[in-house]
Amino acid sequence: MARSEQVLLLEPQHELKFRGPFTDVVTTTLKLSNPTDRNVCFKVKTTAPRRYCVRPNSGIIDAGTSINVSVMLQPFDYDPNEKSKHKFMVQSLLAPYDMTDMEGVWKEAKPDDLMDSKLRCAFEMPLENDKTHDSDSNKLVSPSTPIKSELTSLPKSASASLDDGEVKKIMEECKRLQMEVQRLREENKQIREDDGLRKRKVTVMAAHSSSSSATVATGMREEGLSTRILALCVLFFVLGVIIGKLAL
């Protein structure tokens with residue numbers, strides 16, 4: 001039995017375009033619409049999960065409503081000669097009327113109940129003319145320009161900015177942790193150097209102490225020898241006096 005046809009409407013339908021430069025996070029939006037009278041569960045999957053951040057990547061779309069999915073491409077070294085092989089798949093199924101656990105619904109779903117749509121990814125770099133045109137357009141904006149259109153598109157852009165902000169916060173936290181690790185390594189190195197210096201000082205002081213002890217011992221031995229020689233001289237003198245008196 002063939003799979004059911006996708007009930008969700010995707011915008012864009014076949015290709016997600018990411019416009020550079022790719023030195024920072026690039027975000028594009030995938031709109032999922034549910035034209036049916038049933039709630040629909042959905043999941044967004046990719047062949048390169050480490051290269052993308054998807055918010056939300058799963059959920060429920062109520063009947064007759066739509067949802068914007070932010071797909072964030074992480075920074076990378078762009079090669080214009082390399083063709084992207086990344087793909088996304090939107091998987092969906094009709095939510096049961098008595099559903100209480102969405103994960104349980106996915107686990108118990110039969111293959112024939114699943115619907116899916118696939119999209120490929122395309123990377124584009126802005127042309128120099130486009131950059132100049134965008135710059136001039138920003139300069140020509142008048143303070144009196146109506147802001148109704150900006151307010152209309154605010155929820156979508158605000159949602160994307162919020163997601164970009166979360167990603168930037170995570171990247172800044174990683175950098176801070178790396179700097180903290182580097183600082184701890186330097187402190188550990190300094191402690192080792194100080195410990196080695198203390199050991200060398202102790203060794204030098206021990207050697208100096210041993211040398212002093214040896215000098216004192218040598219002096220004491222020499223002093224004892226001199227005392228014995230003096231005693232022998234006095235003894236010989238006394239013996240000489242006694243022998244002289246006997247001879248007389």
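A residue is taken as buried under 20% relative accessible area, as exposed over 50%, and as partly exposed in between. In the predicted model described here, Lys17 has a relative accessible area of 47% and is therefore partly exposed. The side chain of Lys17 meets that of Glu124 in a salt bridge, with an N to O distance of 4.0 Å; because Lys17 belongs to strand β2 and Glu124 to strand β9, this pair ties together parts of the chain that are 107 residues apart in sequence.

Glu124 also forms a salt bridge with Arg19, in which the closest N and O atoms are 3.6 Å apart, and since Arg19 lies in strand β2 and Glu124 in strand β9, parts 105 residues apart in sequence are tied together by this pair. Glu124, at 28% relative accessibility, counts as partly exposed, and Arg19 is assigned to the partly exposed class at 40%. The search of the whole structure finds 3 salt bridges, one of which is formed by Glu15 and Arg120, with the closest N and O atoms 3.2 Å apart. This pair links distant parts of the chain, Glu15 being placed in strand β2 and Arg120 in strand β9 (residues 115-124), 105 residues apart. Glu15 is partly exposed at 24% relative accessibility, and Arg120 is partly exposed with a relative accessible area of 47%.

Two cis peptide bonds were examined in relation to the strands. Most peptide bonds are trans. A cis bond with omega of about 5° joins Glu11 and Pro12, and Pro12 is located in the loop between β1 (9-11) and β2 (15-19). A cis bond, with omega of about 5°, joins Gly20 and Pro21, where Pro21 lies in the loop between β2 and β3 (26-33).

Turning to the pockets, the largest has a volume of about 230 Å³ and is lined by 13 residues, of which Leu93, Pro96, Val105, Ala109 and Asp113 lie nearest its centre. Two or more lining residues are given by each of β8 (87-94) and α1 (102-108), with α1 giving the most, 3 residues. By class, this lining comprises 7 nonpolar, 2 polar and 4 charged residues. The second largest pocket holds about 160 Å³ of space, and its lining, which includes Arg51, Asp77, Lys83 and Phe123, has 3 nonpolar, 2 polar and 6 charged residues.

On the surface, Leu230, Val234, Phe237, Val238 and Ile242 form a nonpolar patch with about 490 Å² of accessible area together. Leu230 is placed in helix α4 (residues 154-247) and, at 56% relative accessibility, counts as exposed.

Definitions and conventions:
Residues are numbered from 1 along each chain as its sequence is written. This is a predicted model: local features need pLDDT of at least 70, side-chain atom pairs count only at pLDDT 80 or more; totals for chains, interfaces and linings use all residues. Side-chain values use heavy atoms; hydrogens and water are left out. Helices (H or I, at least four residues) and strands (E, at least two) are DSSP runs, numbered from the N terminus. Patches are made of residues with over 30% relative accessible area and no salt bridge: like charges are joined within 9 Å, nonpolar side chains (Val, Leu, Ile, Met, Phe, Trp, Tyr) within 5 Å. Accessible areas come from the Shrake-Rupley method with a 1.4 Å probe; for residues, only the protein chains shown count as cover. Buried means under 20% relative accessible area, exposed over 50%, partly exposed in between (1.4 Å probe, protein chains only). On a 1 Å grid over the protein atoms alone, a cavity is a set of points where a 1.4 Å probe fits but cannot get out, and a pocket is an open set with protein on both sides within 12 Å along at least five of seven lines; lining residues have an atom within 4 Å of a point. Grid points are joined across faces, edges and corners, and a volume is the space filled by probe spheres set on the points. Ala, Val, Leu, Ile, Met, Phe, Trp, Tyr, Cys and Pro count as nonpolar, Asp, Glu, Lys and Arg as charged, and the others, Gly among them, as polar.
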